[in-house]
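Student: Could we go through a structure together? I would like to learn how to read one.
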Amino acid sequence: MVDMANLTPEANRAARAILKWSVRELAERAGIAFSTVHRFESTGSATDATKEKIKAAYAAHGVEITNGDYTGARLRLQKPKGS
């Protein structure tokens, strides 16, 4: 399980924008169907397992889902090598 905030359709779109991924590209990288991503972004309906797969795909590319004052996504800062 990826330790991030709850994934919302808005945060999902923000994370995709950071990575410049299409819905189709996210689906491929998360190992889920295009229609599943499209339905989630349209209705907010997705299983917890699906959300975890999506968050894992983002985490693998340095993006995390946040729930500060507002839900969203951010690019994690890379630690300098040797730290």
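Student: Okay, how confident is the prediction, as a mean pLDDT for the protein chain?
Tutor: The mean pLDDT of the protein chain is 86, and 77% of the residues reach 70 or more.

Student: Where is confidence lowest, and where is it highest?
Tutor: Strand 2, residues 71-75, has the lowest confidence, with a mean of 67. The highest is found in helix 2, at 98.

Student: How many helices and strands are there in the protein chain?
Tutor: The protein chain has four helices and two strands. Along the sequence, they follow the pattern α-α-α-α-β-β.

Student: And how much of the chain counts as buried?
Tutor: Of its 83 residues, 40% count as buried. A related value concerns contacts between residues at least 6 apart in sequence: 59% of these join residues at least 24 apart.

Student: Let's take helix 2. Which of its residues are buried?
Tutor: Helix 2 covers residues 23-30, and the buried ones are Val-23, Leu-26, Ala-27 and Ala-30. Viewed down the axis of helix 2, these buried residues fall within an arc of 100°, so they line one face of the helix.

Student: What does that buried side pack against?
Tutor: The buried residues of helix 2 pack against helix 1 (9-19), helix 3 (34-43) and helix 4 (48-59).

Student: How would I describe two packed helices?
Tutor: One gives the angle between their axes and the distance between the axes. For helix 2 and helix 4, the axes come within 8 Å and cross at roughly 95°. That makes helix 2 roughly perpendicular to helix 4.

Student: Which residues make that contact?
Tutor: Helix 2 contributes Leu-26, Arg-29 and Ala-30, while helix 4 contributes Lys-53, Ile-54, Ala-57 and Tyr-58. By type, the residues of this contact divide into five nonpolar, no polar and two charged.

Student: What comes after helix 2?
Tutor: Gly-31 follows helix 2, and its phi is positive, near 70°.

Student: What about helix 1, which residues are buried there?
Tutor: They are Pro-9, Ala-11, Asn-12, Ala-15 and Arg-16. Seen down the axis of helix 1, the buried residues fall within an arc of 160°, so they too line one face of their helix.

Student: Which residue comes just after helix 1?
Tutor: Lys-20 does, and it takes a positive phi of about 60°. This residue lies in the loop between helix 1 and helix 2.

Student: Is Lys-20 buried or exposed?
Tutor: Lys-20 is exposed, with a relative accessible area of 72%.

Student: Now helix 3. What is buried in that one?
Tutor: The buried residues of helix 3 are Thr-36, Val-37, Phe-40 and Glu-41. Seen down the axis of helix 3, they fall within an arc of 125°, so they line one face of the helix. What covers them includes helix 1, helix 2 and helix 4.

Student: What does the face turned away from the buried side carry?
Tutor: That face of helix 3 carries the exposed residues Ser-42 and Thr-43. For Thr-43, the relative accessible area is 55%. The C-alpha atoms of Thr-43 and Pro-9 are separated by 7.9 Å, and these residues are 34 residues apart along the chain.

Student: Which residue follows helix 3?
Tutor: Gly-44 follows helix 3, and its phi is positive, near 85°.

Student: Changing topic: where is His-61?
Tutor: His-61 lies in the loop between helix 4 and strand 1 (63-67). It is partly exposed, with a relative accessible area of 36%.

Definitions and conventions:
Residues are numbered from 1 along each chain as its sequence is written. This is a predicted model: local features need pLDDT of at least 70, side-chain atom pairs count only at pLDDT 80 or more; totals for chains, interfaces and linings use all residues. Side-chain values use heavy atoms; hydrogens and water are left out. Buried means under 20% relative accessible area, exposed over 50%, partly exposed in between (1.4 Å probe, protein chains only). The arc is that of the directions from the helix axis to the C-beta atoms. Contact means heavy atoms within 4.5 Å. Axes are lines fitted to C-alpha atoms, for helices over the stretch in contact, and angles run from 0 to 180 degrees between N-to-C directions. Angles under 35 degrees count as roughly parallel, over 145 as roughly antiparallel, 65 to 115 as roughly perpendicular and the rest as oblique. Ala, Val, Leu, Ile, Met, Phe, Trp, Tyr, Cys and Pro count as nonpolar, Asp, Glu, Lys and Arg as charged, and the others, Gly among them, as polar. pLDDT is the predictor's confidence in each residue, from 0 to 100.
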